[in-house]
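The following exercises are to be worked with the sequence and the three-dimensional structure at hand. Each task is followed by a solution in steps.

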Amino acid sequence: MLIVMKPDATAQEIAGVVQVIESMGYEALPMPGRQRTTVGLIGNDGRVDASRVEALAGVTEVIHVSKPYKQVSREWKPEPTRIPLPDGTVIGGREVIVMAGPCSVESEEQILTAARQVKASGATVLRAGAFKPRSSPYAFQGLGTVGLELLAAARAETGLLIVTEAMDPHGLALVSEVADIVQIGARNMQNYSLLKECGRQPKPVLLKRGLSATISEMLLSAEYILASGNPNVILCERGIRSFDTATRNVFDLSAIAVTHGLSHLPIIADPSHGTGHRDMVPAMARAAVAAGADGLIIEVHPHPEQALSDGAQSLFPEQFDRMMREVSAIAEVIGRSLLVPVGSTT
Ligand code: PEP
Ligand code: MN
């Protein structure tokens, strides 16, 4: 439930509403807005008796949030959430942000080369996993903490921000120390204890859609993170399982439009995992930006044929460079622009 205060409501009136909500046994979350403050009532699993707050001084309206997810819904917060990153970059604004890099950190030379290449083409964030969720226990599992150190070195040299995956609470503590954005992978989208931990650490979270998760389930997972204290969640459409083997997953473009309608959180697209084939990635990246994605996350490898994971879907650096020019043109058509950091050549 949302209690909307009058534009001229006083601090005392807002405090009065908070006090009544707390006396009813719920949590109150005051949210100052540009024109008026709203106070969220959190923790109700059913309908709350609105008459207790409706008549309080300074209250103009009480809104019942109809969706099972509350804080992530547009009903709760109509204006888009803008997520600030340490270099001043914002995700969820007019600019489209590109995250790019190899699937995994493999060596110092590989990650530094990849970082220089994606930076030159206009990426803002370097992606690469240090902790890898692999289908086979015998496949390359990632370099772990050494991988995190190499990512930090790549950031120090290039100025790129870092997004990398955390697979469990121990890894989350390590990733949260180093990364600018913590990635929660598709396989962990419904790991609710890990999501709660994400809510208790300070870094923005990139939450990838589960392999067979509905959009509503993805939003409920995001709700876990917000409900645990972290408002900075970036959603990610990365394809869902289907019967068709022509692509690795079915890249659900409509999820971008649907999610923007339901939630104020930004959503980015991962056409690399969405298709599984590098030749399909640029087309789906263009389509995702046209559909309104707030950013892209793209696998790029200096030598995809030698990659230790996901080589088939990793772009060659020159392919990525071309793709960046194309998506930049698409962004302009819909009144947005691609964020191109200082120092890149695009
Ligand atoms: C990845 O980004 O490399 C990855 C493992 O993605 P997902 O969790 O979407 O499969
Ligand atoms: Mn991958």
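Predicted model: local features only at pLDDT ≥ 70, side-chain atom pairs only at ≥ 80, totals over all residues.

**Exercise 1.** How many nonpolar, polar and charged residues does the shell around ligand 1 have?

Residues are numbered from 1 along each chain as its sequence is written, and chains are lettered from A and ligands numbered from 1 in the order in which they are written.

*Solution.* 
Step 1. List the residues around the ligand, that is, those with a heavy atom within 4 Å of it. They are Cys-103, Arg-127, Lys-132, Glu-165, Gln-183, Gly-185, Ala-186, Arg-187, Lys-208, Arg-238, His-273 and Glu-299.
Step 2. Sort them: Ala, Val, Leu, Ile, Met, Phe, Trp, Tyr, Cys and Pro count as nonpolar, Asp, Glu, Lys and Arg as charged, and the others, Gly among them, as polar.
Step 3. The shell has two nonpolar, three polar and seven charged residues.

**Exercise 2.** State how far polar side-chain atoms of Arg-238 and Gln-183 lie from an oxygen atom of ligand 1, and what percentage of the ligand's area the protein buries.

*Solution.* 
Step 1. For Arg-238, the distance is 2.7 Å.
Step 2. For Gln-183, the distance is 3.0 Å.
Step 3. Ligand 1 alone exposes 290 Å², and the protein buries 97% of that; such areas come from the Shrake-Rupley method with a 1.4 Å probe.

**Exercise 3.** Is Gln-183 buried or exposed?

*Solution.* 
Step 1. Apply the cut-offs: buried means under 20% relative accessible area, exposed over 50%, and partly exposed in between (1.4 Å probe, protein chains only).
Step 2. Gln-183 counts as buried because its relative accessibility is 5%.

**Exercise 4.** Which backbone oxygen does the side chain of Arg-336 reach?

*Solution.* 
Step 1. Find Arg-336 in the loop between α11 (317–333) and β15 (337–338).
Step 2. Arg-336 has a relative accessible area of 12% and is therefore buried.
Step 3. The side chain of Arg-336 reaches the backbone oxygen of Gly-93 at 2.9 Å.

Terms used:
Heavy atoms only, no water. Polar contact = N/O pair within 3.5 Å; in protein donor to acceptor, adjacent residues only side chain to side chain. Helix = DSSP H or I, 4+ residues; strand = E, 2+ residues; numbered from the N terminus.
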